[in-house]
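Trainee: I am new to this structure and would like a close look at one helix pair and what surrounds it. Could you take me through it slowly?

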Amino acid sequence: MKIGFNGRPFCTEHMRGLSRHTLELIKQLKQLHPDWEFYIYTYGQISSRFKQELPFVHIREDKVFPKIMWDLFSLRKQILEDSIDIFHSTNNLGVPLLFRKKIPLLVTIHDHFTHSYRWPWGKSPRSWWAALNYRIEYALLKRCNHYFSVSENARKNVSEMLSLPLDKITVSYNGANLKPTNSSFPGNYFLYVGGLEARKNVATLINAFIQYAKAKHSKLIFKMVADPALATSEVQQLLREHTELFQLVGNISDKELGQLYEGALALVFPSLEEGFGLPLVEAMGLGCPVIASDIDVFKEISGDAALFFPAMDQKRLQELFGRLESDSTLRESMKNKGYIRAKLFNWQAMANTVNEVYSRFCS
């Protein structure tokens, strides 16, 4: 069996949710089927980090201008030449244009809002061209044989977005595989892990912590595992003005990330929109208490193992900072609940779910 993947999630040095999901899926499928062959196709160059993680994969790197020509024609040509049996894009979009050759096309759509952001035409030629490209990719997406989502909340939203029956979308929850490091990091910081784009609502987190630190004369700091280059201008300015409170951590290893989770008073995750929220599971699995915005998907993933706040409510967030800093009994209770909750999510179960769907198309 030959399985092809869209490799766009691997064209970055930073481990984000999409790249982690795709990496772990391929690894787990290889364990289930040692005899299968895996191919990764990408417009651009895959990071050496991921090449080292997946030495058994056949990699096809290409760059055709404009990119839409790669989506429409070059990708199709490559997967036909390699006689791929199933093509799976885990990248929200990125499925090839196929004509007579019937290769099952599957796609993982992690969220619906990524599509909403790409739909407007915009005013500049660049944004207009991007919207046109998106509409072409969206039309290709509608031709897929089956769809995956990473939460029940995302499944419902994707069903509405694409006008699909729910039985054509399978939920395959993300997992977490960070191992305990038994580190002795001091618990003098809160932690954020993720992107800095507008939907992550990081400005609310930053402003709330600035006010909390001033009011309580707190000596705590906020560590942020994020790429500042992708931050909004507001977030970039706030971080420049308050370097004494916020420490940005760049591209780090899984061990270093695990140490940060283990040493934190809490992970704070204030997003306005998410398809899943991988840092929630990573934190819970390593005994790190979680403070999260009260969006539906976070409640689905965290259950009773997190403290929630209305996403834009800085005052409530400051109150939760205070509770987690001062109440060691609460922190211990949340750790124990987190351990239990995190066991519901693992990459092996995710791969088993995907494998069951594959079997429908390769019998």
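Mentor: Helices H3 and H5 cross in a left-handed way, meaning that the near helix is turned anticlockwise from the far one by less than a right angle, whereas clockwise would be right-handed. Before we go further, this is a predicted model, in which local features need pLDDT of at least 70 and side-chain atom pairs count only at pLDDT 80 or more, while totals for chains, interfaces and linings use all residues. Residues are numbered from 1 along each chain as its sequence is written, and side-chain values use heavy atoms, with hydrogens and water left out.

H3 covers residues 67-81 and H5 covers residues 125-141; their axes come within 10 Å and cross at roughly 15°. That angle makes H3 roughly parallel to H5. Helices here are DSSP runs (H or I, at least four residues), strands are E runs of at least two, and both are numbered from the N terminus. Axes are lines fitted to C-alpha atoms, for helices over the stretch in contact, with angles from 0 to 180 degrees between N-to-C directions. Angles under 35 degrees count as roughly parallel, over 145 as roughly antiparallel, 65 to 115 as roughly perpendicular and the rest as oblique.

Now for the residues that meet. From H3 come Lys67, Ile68, Asp71 and Leu72, and they face Trp129, Asn133, Ile136, Glu137 and Leu140 of H5; contact means heavy atoms within 4.5 Å. Sorted by type, the residues of this contact are 5 nonpolar, 1 polar and 3 charged. In this sorting Ala, Val, Leu, Ile, Met, Phe, Trp, Tyr, Cys and Pro are nonpolar, Asp, Glu, Lys and Arg are charged, and the others, Gly among them, are polar.

For a contrast, look at H12 (residues 314-326) and H13 (residues 328-342), whose axes come within 5 Å and cross at roughly 95°. H12 is therefore roughly perpendicular to H13. Arg323, Leu324, Glu325 and Ser326 of H12 make this contact with Ser328, Leu330, Arg331 and Met334 of H13.

Finally, find valine 107 in strand S5, residues 105-108. Valine 107 is buried, its relative accessible area being 0%; buried means under 20%, exposed over 50% and partly exposed in between, with a 1.4 Å probe and protein chains only. Leaving out residues up to four places away in sequence, valine 107 touches several others, including His88, Leu93, Leu141 and Phe148.
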